[in-house]
Amino acid sequence: MNHETFTEKMVLWLDNGLNAPEITELQAHLAGCPTCQQTYQTLQRVETLLRGGSKIMVGPPPGFTARFEMRLAYHQVRNGGHLWWGFGVLLLGALFLFIIGGLAVSALVSSGAGWLDGAIFYSGLVGLIQLANTLGVWLNLVGLFVKASLLTMSYPTFWGCALAALALAWLWLRVLKYVNRPVATSVELLI
Amino acid sequence: MVNALMFGWNITMTPVATEQPRARAITPEAQAQEQSWAMAAQRGDRPAFMRLVEVYQRPVYNLCYRMLGGDVTEAEDAAQETFLRAYTKLDTYNPNRKFSSWLFSIASHYCIDRLRQRRYQMVDWDDLPAPDQHVLSNPEPQPEAAALSREEHRTLHRLLNNLPPDYRAATILRYWHELSYDEIAEALNTTVSAVKSRLFRAKQMMAAHYGAMETNL
């Protein structure tokens, strides 16, 4: 057996992993091998250092839990913020769709609204295009959209669109939550 | 990464070093309690998770502190990050598994990743302040300083810091946390024979380094 083999046995001995015959054999070798004696003394010293040092468990400074709660709150706000931004953007988009949709539905179902029949709507559109550079026209346009949207609320289509938008919002939130999940590292991949 | 200083931590923080029985003997009742807290936390019960933080803050901090070479700020940050990751990944925790093993697994891998990133910074140990400087410079007698002399303590840290991250993790989990080979294997996501091999190599490397240090004196 070479020194390496005995080194393994020495480590096992220090870890109480040898039986009596193996210990006797090792002791016999140590008695006649200065190199292994030196190795054993060093290993013994390292073992003593490890056992002495490991008696101590170092704890965090007081207030660790409170600091962790702050960090957790920060983490949640930071991640939650993305969700709310996404939700806001989605809400604005949905509102815009309602207005446009309302206008379209109003134009199609204009029999009950005299002020929005095809001719007026067409001439209105032409007029809007001609005067699109003026602020007043834009305000009129917004007013027209709002009126059309309010009118549209009396139709089941509007509520269908609203439900569809809510469903889309929920789906969008799920997607954002998935996208904003903590970045996977080797730690998480191994768990 | 969240900077530790954002939360009012600074390098003057002194860790609390106390001599405790090394083995944290967990009674079946305590283990069942921890499992129930963990399961409650999985259902969204935050106070239940905070109880687990209370129970495990010291072992997790100790592991991070030893792994990261005795840097107080880094140890605090790593321990906090460990709990944060545990909280965000609670749905992956298997209640049939020991909570402590799962937590040590997160902490060990996080510290190993951090050490691997640090490797590229090429900072010499001798350029750094002595480990546990805050503890050891304290005029009050510290239990750790009492158990080992200042020089011995420094030597132990040097020997540990000289080990590759995987070997260091196995050694700390074995000596400081008294985990069995099976538990270390589970925490480090490896086999029992690999753990035994790492521990043997670690001691061999430490002995070689210790011998070299003595020769240079």
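In what pattern do the elements of chain B follow one another along the sequence? Chain B reads β-α-α-α-α-α-α-α-α-α-α. The views below come from a predicted model, in which local features need pLDDT of at least 70, side-chain atom pairs count only at pLDDT 80 or more, and totals for chains, interfaces and linings use all residues. Residues are numbered from 1 along each chain as its sequence is written, and chains are lettered from A and ligands numbered from 1 in the order in which they are written.

**View 1. The elements of chain B.** Chain B has ten helices and one strand; helices (H or I, at least four residues) and strands (E, at least two) are DSSP runs, numbered from the N terminus. Of its 217 residues, 39% are buried. A residue is buried if 20 or more other C-beta atoms, placed from the backbone, lie within 10 Å of its own, exposed if 12 or fewer, and partly exposed in between.

**View 2. The largest nonpolar core.** This core has 65 residues. A nonpolar core is a set of buried Ala, Val, Leu, Ile, Met, Phe, Trp, Tyr and Cys residues joined through C-beta atoms within 7 Å. B:C64, B:L103, B:A107 and B:A170 have the most contacts inside the core. Helix 2 of chain B, residues 46-67, gives the most to it, with ten residues.

**View 3. The surroundings of B:C64.** Leaving aside residues up to four places away in sequence, B:C64 touches B:A75, B:A78, B:A79, B:T82, B:A107 and B:C111. Two residues are in contact if their C-beta atoms, placed from the backbone, lie within 7 Å.

**View 4. Helix 7 of chain B.** This helix covers residues 150-161, twelve in number, and reaches 16 Å from its first C-alpha to its last, close to the 16 Å expected at 1.5 Å a residue. The expected span is 1.5 Å times one less than the number of residues. Which residues of helix 7 of chain B are buried? They are B:H153, B:T155, B:L156, B:L159 and B:L160.

View 5. Chain A has eight helices and one strand, in the order α-α-α-β-α-α-α-α-α from the N terminus. Its mean pLDDT is 77, and 74% of its residues reach 70 or more; pLDDT is the predictor's confidence in each residue, from 0 to 100. Over residues 182-191 of chain A, pLDDT stays under 50, and the model has 18 contacts for them beyond four places in sequence.
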